[in-house]
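Work through the following exercises with the sequence and the model side by side. Try each task before reading its solution.

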Amino acid sequence: MIKSFLTFFTVVFTVALFAQNKTDYWQQHVDYTMAVDMNVNNFQYTGTQTLVYTNNSPDELKRVYFHMYFNAFQPGSEMDIRLQSIADPDDRMTAPDKKSRIASLTDTEIGYLHATSLMQDGNKVSFSEEGTVLVVDLAKPIAAGAKSTFNMEFKGQVPLQIRRSGRNSEEGVALSMSQWYPKLAEYDFEGWHADPYIAREFQGVWGDFDVKLTIDKDYTVGGTGYLQNPNEIGHGYETPGTKIKKQKGKTLTWHFKAPMVHDFMWAADPEYIHDIQQVPDGPVLHFLYKNDPEILENWKNLQPKTIEAMQFFSKNIGKYPYDQYSVIQGGDGGMEYAMSTLITGKRKFGSLVGVMAHEMAHSWFQHILATNEAKHEWMDEGFTSFISKLCMSEIMDYEKENPFEGTYKGYRNLALSGKEQPQGTYADRYALNFAYGISAYSKGSIFLSQLGYVIGQDKLMETIRQYYDEFKFKHPVPNDIKRVAEKVSGFELDWYLTDWTQTTNTIDYGVKEVSVSEDNTKVTLERIGLMPMPLDILVVYNDDSRETFYAPLRMMRGEKANPYEGIERTVIADWAWAYPTYNFTINKPMSSIKAIVIDPSQLMADVNLENNVWQAE
């Protein structure tokens, strides 16, 4: 499909962020062992957690922090107040009158998560809740390179389904259990990331999870990890032909293990259908969805498309490293988790495949690469959007369409609205959800598609594969993708990262003038926007023959290969950014020229396309 995508743009003609020193690379490690009892009558649960924390940092730690996400779903929480104060609140979290759904929750409907006891290496520690963050003053500092074991008892209540997690969703799913357990905050080369849960997404510490979940035996469970006792559990997990060992009582204890992940999600419902598919030379896929006649056909047809998507991403990003992946009906839209996703299921088929592909792509960019989404959300959401659109074009036979047309349109709407904030804005600090969404998803996607315009599409795909290979399981930062692209292409790209992600500078180039110069044609181009770019210029002659001219950007210190196969290209002088105009000569008379077009691929995010075209009168 990549080839088809490139072919499309070949023929189309239309009128410093901080970087970690990877030489001294380190990251923390956590191992969780948890046992949880869920009461499906009142949706309250209790649990124990043993957490072994390895301090691989060069620093002594005197304090640690836990995320207690369910505390966000209470009247007066930061999430509730932000929902009431932002101009365009998330409609999933508001009632028809646009008021916060959190504000009206009763005591039996709210969410909460509380530590009832906490020990460090057998000693009591002082801890206090500050909204969705548990602050823990250590009994003894954790030295650089040392380990410490925390033993916690906790209790929680699952909130009504409002955002990502919850009970009794609109589609009737009983339990969507994400962000449900006390989760140690990340500490890295920038320090602690004990961010309150206000609206956006997450960051976690890599580690191994061992989770035992006791729940009513009528419920089927799926999510993160490998089930360790399938022949005791049944529910479609048992080895074919094996007799299930019936368990006494009204509950079953499900035992899951998940190696090297930074989160753990599970979902449960008494009406789940459980289907299994095997990806050739890949993982086992689990599908859990409601026994609802309205959705059964779509969920059956979704399964081969999920196999195709898994194969597409493994080929174009890198091999999926786990042995299972679960697609589960639940949540309030679509949200990615380790080895799994929650998606709403009552959709048209194309939408169902689309949300599956997008959330699955997150498995690479968020659950294997794992950027900090509180600070660099565009790296996850944008890169995921880019690759999932290519995937959809292939597996749904959308090849004849421009997969990024809507993405560029959305970005231009934001850039010209006067409401854009730099992509370096902290995710919760956007003034509008509209601005956050387009910056993260659309502008983040364009970072890659436009990078392909700058360095060449083949170099872009090589960059993505090398970036994944070099930084999987490492929490990369923006400079890391830039440096990989520089090494692959040989170009200097600091200008690209800086202007695109740290400013709201726009790209606007135009054909200012076309005039006769003896027997030749003089073309004057102008740079109107502040962001620099190299330029591809297409010239179409009266006989419909074509040629292109390429003006490299001087600060790039390099030239990309000709992207237009079969069309002759002339490389002209570098354009130094500070000069607002640029002249070049076409060695043919002006009378022979039908049109001149800047960037016929439309992969450059020029905010004004009208001045990109000159047409003979």
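Predicted model: local features only at pLDDT ≥ 70, side-chain atom pairs only at ≥ 80, totals over all residues.

**Exercise 1.** Determine whether the radius of gyration of the protein agrees with that of a compact globule.

*Solution.* Begin with the overall content, which is eleven helices and 31 strands. Along the principal axes, the C-alpha trace spans about 95 × 55 × 50 Å. For 617 residues, a compact globule would have a radius of gyration near 25 Å, and the value for the protein is 27 Å, which agrees.

**Exercise 2.** Describe how helix α8 and helix α9 pack.

*Solution.* First locate the two elements, α8 at residues 433-455 and α9 at residues 457-471, whose axes lie 7 Å apart and form an angle of about 125 degrees. Because angles from 65 to 115 degrees count as roughly perpendicular and those over 145 as roughly antiparallel, α8 is classed as oblique to α9. The crossing of α8 and α9 is right-handed. Next list the contact: α8 contributes Leu448, Ser449, Leu451, Gly452, Tyr453 and Ile455, while α9 contributes Gln457, Lys459, Leu460, Thr463 and Ile464. Sorted by class, the contact of α8 with α9 comprises six nonpolar, four polar and one charged residues.

**Exercise 3.** Decide whether His358 is buried or exposed, and name the residues that it touches.

*Solution.* His358 belongs to helix α5, which covers residues 349-365. Its relative accessibility is 15%, and since buried means under 20%, His358 counts as buried. Leaving aside residues up to four places away in sequence, His358 touches Glu381, Thr384, Ser385, Ser388 and Tyr441.

Notes
Residues numbered from 1 in each chain as written. Heavy atoms only, no water. Helix = DSSP H or I, 4+ residues; strand = E, 2+ residues; numbered from the N terminus. Buried < 20%, exposed > 50% of the residue type's maximum accessible area, 1.4 Å probe, protein only. Contact = heavy atoms within 4.5 Å. Axes fitted to C-alpha atoms, helices over the stretch in contact; angles between N-to-C directions. Parallel < 35°, antiparallel > 145°, perpendicular 65-115°, else oblique. Left-handed = near helix turned anticlockwise from the far one by under 90°. Nonpolar A, V, L, I, M, F, W, Y, C, P; charged D, E, K, R; others polar. Rg over C-alpha atoms; globule rule 2.2 N^0.38 Å.
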